[in-house]
Amino acid sequence: MKRIVVLGSSGSIGGQTLDVVSKLKNISVVGLSVKKNILVLKDQIKKFHPKYVCVGNFDDAKDLKIWLKRNNFKTTVFSGDKGLEEIVSVPNADMIVAAIVGAAGLKSIFKAVKEKKDVAIANKEVLVCAGLELMELSRKNGVKILPVDSEHSAIFQCCCGAKKSQIKKILLTASGGPFYKYKKDFSKITLEQALVHPTWKMGKKITVDSATLMNKGLEAIETSVLFGVPIEKVEILIHPQSTVHSMVEFNDGAVIAQLSNPDMRLPIQYALTYPERVTSNIKSLDLVQLKKLEFFKPDFRKFPCLQLAYDCAKKGLQYPAVLNASNEIAVSAFLNGKIKFTDIARVVNNTVEAYSPSKRISVRTSVNADMWSRNFAISLIDSKISKGCGFS
Ligand code: NDP
Ligand code: MG
């Protein structure tokens with residue numbers, strides 16, 4: 001029996017993880033965490049009877065304890081960032097599913113690895129912010145970091161134990177998002193338009209990232225970190241059918257691809273059951289009905305976030321952390337109607353340009369850069385709004 005803790009259980013990945021678990025025999029849920037979605041958590045407690053839960057703040061924890069007592073549950077409740085570190089450390093958990101959105105998941109993932117728990121990771125922002133340090137720590141502690149992101153699960157499956165020196169390049173596929181073929185003025189794109197993704201139903205932050213293609217930029221960095229290859233070996237291909245989830249070309253010219261109908265429950269299940277492959281409910285792929293598989297080069301000028309991500313990856317040091325943090329702030333401002341769609345890349349660019357890096361590479365310098373970037377991006381947005389002028 002594998003015992004798991006799901007961080008971010010009320011989210012898109014968290015919910016699908018529980019859906020997968022409910023159909024598997026050998027996995028039990030010992031812990032769940034949400035930030036503020038207590039109603040969803042209560043339903044999940046009724047269904048999975050976890051021994052531990054964690055919520056975002058102390059007051060919610062207090063109310064939840066009363067509800068648990070009234071309903072005869074013997075669940076321990078943690079709260080806040082400290083609570084996340086406590087729930088990943090519980091002795092009776094073997095694996096942590098990291099499905100929190102944003103760099104907010106960083107401390108809990110590092111703590112999990114320190115506690116020698118395997119991590120199934122969806123939370124790509126942590127890999128972008130301090131991924132090299134996380135991989136180093138996982139090697140030292142003999143911990144597995146298993147990809148949940150569909151492309152990275154695909155690459156992992158294509159590599160199948162091959163040495164990284166045998167990889168010629170990685171072909172990271174992208175659906176292209178809702179604006180890949182958009183011919184109109186990008187600055188007029190509304191929140192409603194940006195929140196409609198052609199293939200995947202996901203949380204709001206990643207849906208906006210998929211529209212700007214920052215998601216693919218973050219994923220290129222995620223690829224470089226997880227598979228230990230330089231960013232120059234990661235090539236993005238727009239693939240509107242979202243059927244080939246990524247490919248690896250090896251030194252001898254062989255290209256190995258992983259295909260399936262797009263359904264996040266497949267990579268989630270593989271991360272949970274690895275190295276086993278067990279039966280799933282995922283619809284069989286019908287290539288005859290699909291008829292065509294297309295691939296195009298992305299337009300880096302139309303989607304400046306992609307260029308910014310590659311530039312930051314090449315600069316190294318804390319630049320990926322700066323990219324990620326300023327993007328989180330900019331996306332949140334766009335979701336709150338404070339800035340335009342095209343301002344997202346401008347906020348990120350201005351923050352990256354203003355950053356003075358530290359020569360020291362460590363989790364601390366990355367976390368400091370993350371904090372500096374958030375403050376810089378927030379004051380940049382606020383000052384533009386108060387002056388009523390646009391971004392350059
Ligand atoms: P959602 O927004 O749907 O869910 C986020 C989850 O994290 C929720 O449970 C939320 O709790 C919790 N959460 C948010 N902020 C905090 C915080 N500061 N501290 C603790 N918990 C927090 O996101 P997704 O499920 O879409 O994405 C999760 C991660 O997986 C992201 O990194 C994303 O890039 C990645 N990913 C997602 C895919 C998808 O298909 N959705 C595909 C591949 C990767 P609450 O509900 O209470 O706010
Ligand atoms: Mg992905």
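Strand S1, helix H1 and strand S2 make a right-handed β-α-β unit. S1 covers residues 2-7, H1 covers residues 12-23, and S2 covers residues 27-33. Right-handed means that, with the strands pointing away from the viewer, the path from the first strand over the helix to the second runs clockwise. Helices (H or I, at least four residues) and strands (E, at least two) are DSSP runs, numbered from the N terminus.

Before going on, a note on the source. This is a predicted model, where local features need pLDDT of at least 70 and side-chain atom pairs count only at pLDDT 80 or more, while totals for chains, interfaces and linings use all residues. Residues are numbered from 1 along each chain as its sequence is written, chains are lettered from A and ligands numbered from 1 in the order in which they are written, and side-chain values use heavy atoms, with hydrogens and water left out.

Back to the strands. S1 and S2 pair in the parallel sense over 6 bridges; two strands pair if DSSP finds at least two bridges between them. Val 6 stands opposite Leu 32 in S2.

On its other pairing, S2 runs parallel to strand S3, residues 52-55, over 3 bridges. Here Gly 31 stands opposite Tyr 52 in S3. S2, helix H2 (residues 38-48) and S3 make another unit of this kind, a right-handed β-α-β unit.

How many of the 7 residues of S2 are buried? The count is 6, so S2 is largely enclosed by the rest of the structure. Buried means under 20% relative accessible area, exposed over 50%, and partly exposed in between, with a 1.4 Å probe and protein chains only.

Helix H11, residues 265-273, is also largely enclosed by the rest of the structure, because 7 of its 9 residues are buried. Among the buried residues are Pro 267, Tyr 270 and Thr 273.

Next, the metal. Which residues are the protein donors of the magnesium ion, ligand 2? They are Asp 149 (OD), Glu 151 (OE) and Glu 219 (OE), lying 2.1 to 2.2 Å from the ion. Donors are N, O and S atoms within 2.8 Å of the metal (3.2 Å for Na, K and Ca); water is not among the atoms, so sites may look incomplete. Along the chain the donors follow the spacing D-x1-E-x67-E. Asp 149 counts as buried at 8% relative accessibility, and Glu 151 counts as buried at 9%.

Last, Leu 293. This residue lies in the loop between helix H12 (287-290) and helix H13 (304-315). Leu 293 is partly exposed, with a relative accessible area of 33%.
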